[in-house]
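Thanks for coming, everyone. Please look at the structure on the screen while I talk.

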Amino acid sequence: MSLVADILSWTCILAGLFFVLVGTLGVLRMPDVYCRLHAAGMTDTMGAGFLFLGMSIQAGWSLLAVRLLLVYGFLLFTSPIGTHALARTALFAKVEPYRVPPPGDRV
Amino acid sequence: MFAVAAAGILVAMAMAMARALLGPTVFDRVLALNTVGTKTVILLAVIGFLTGRPDWVDLSLVYALINFIGTIAVLKFFEYGDLGRQRPGSREGNR
């Protein structure tokens, strides 16, 4: 049982780490703010979700697991609100969304 | 194993900080700082497991609250130029 829980939790933590790294790579590489918001949202939901799930499996049936899931629940509510506020503020500040250049202009 | 997770999160934080330094607009910087804050929340919980003192999870919860409120406050400041005023022509009327 302990071995199964260990394997499950390490798999979850590695998957969460993968999503965090890929999402942050997207934040670094995407062309404009709105695309970067998309990548950052994936970091918040999938990456943090898998990491906290793995850690709460490690914690077992205890108050600690409840607290870990509580942190994740809080992130789950605040991340879309923050993302929405950022996109709205950027639009009001007249940040132009990135458009793919027409085929003739491509280098 | 938790050390691997902490190292990966630190690498991700470094990449997000690079975006915060490079960012062409101020919103890129706010987004990058929000991402760094989320990673700090995760890193605090991981450090709790790494050092065998799970009380760090409470710090992680508090940091999530502060990060969210800070992001919203900075965005509100950049949208209205003020923390207490409404946009002119807002439908909610004057107070």
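First, the ground rules. This is a predicted model: local features need pLDDT of at least 70, side-chain atom pairs count only at pLDDT 80 or more, and totals for chains, interfaces and linings use all residues. Residues are numbered from 1 along each chain as its sequence is written, while chains are lettered from A and ligands numbered from 1 in the order in which they are written.

Start with chain A. It has three helices and zero strands. The order from the N terminus is α-α-α. Helices here are DSSP runs of H or I with at least four residues, strands are runs of E with at least two, and both are numbered from the N terminus.

What is the radius of gyration of chain A? It is 18 Å, whereas a compact globule of 107 residues would be near 13 Å. That radius is taken over C-alpha atoms, and the globule rule is 2.2 Å times the number of residues to the power 0.38. Along the principal axes, the C-alpha atoms of chain A fill a box of roughly 60 × 30 × 15 Å.

Buried residues are 36% of the 107 in chain A. Buried means 20 or more other C-beta atoms within 10 Å of the residue's own; exposed means 12 or fewer; partly exposed is in between; the C-beta atoms are placed from the backbone.

Now contacts. Two residues are in contact if their C-beta atoms, placed from the backbone, lie within 7 Å. Take the chain A contacts between residues at least 6 apart in sequence: 63% join residues at least 24 apart.

On to the two chains together. Their contact takes 37 residues from chain A and 35 residues from chain B. On the chain B side, the elements giving two or more residues are α1 (2-22), α2 (26-50) and α3 (56-80). Which of them gives the largest share? That is α2(B), with 13 residues. By class, the chain B side has 24 nonpolar, seven polar and four charged residues. Ala, Val, Leu, Ile, Met, Phe, Trp, Tyr, Cys and Pro count as nonpolar; Asp, Glu, Lys and Arg as charged; the others, Gly among them, as polar.

Look at one helix pair across that contact. Helix α3 of chain A, residues 63-92, packs on α2(B) at about 175°, and the axes are 11 Å apart. The axes are lines fitted to C-alpha atoms, for helices over the stretch in contact, and angles run from 0 to 180 degrees between N-to-C directions. So α3(A) and α2(B) are roughly antiparallel. The cut-offs: under 35 degrees is roughly parallel, over 145 roughly antiparallel, 65 to 115 roughly perpendicular, and the rest oblique. The residues that meet include L68(A), V71(A) and L75(A) on one helix, and F27(B), V30(B) and L31(B) on the other.

Next, V33(A). It sits in helix α2 of chain A, residues 33-59. Is V33(A) buried or exposed? V33(A) is buried, because 25 other C-beta atoms lie within 10 Å. Leaving out residues up to four places away in sequence, V33(A) touches A90(A), V95(A), T25(B), F27(B), D28(B) and L31(B).

Compare M17(B), in helix α1 of chain B. M17(B) has 17 other C-beta atoms within 10 Å, so it is partly exposed. Beyond its neighbours within four places in sequence, M17(B) is in contact with A32(B) and V36(B).

Now inside chain B. The 25 residues of α2(B) should span 36 Å at 1.5 Å a residue, and the end C-alpha atoms are 35 Å apart, which agrees. The expected span is 1.5 Å times one less than the number of residues. Just after α2(B), G52(B) has a positive phi of about 70°.

Helices α2(B) and α3(B) pack at about 175°, with axes 8 Å apart. That makes them roughly antiparallel. Their contact has 14 nonpolar, eight polar and no charged residues.

Last, α3(B). Its buried residues include V57(B), S60(B), Y63(B) and A64(B). The buried residues of α3(B) pack against α3 of chain A together with α2 of chain B. Just after α3(B), G81(B) takes a positive phi of about 70°.
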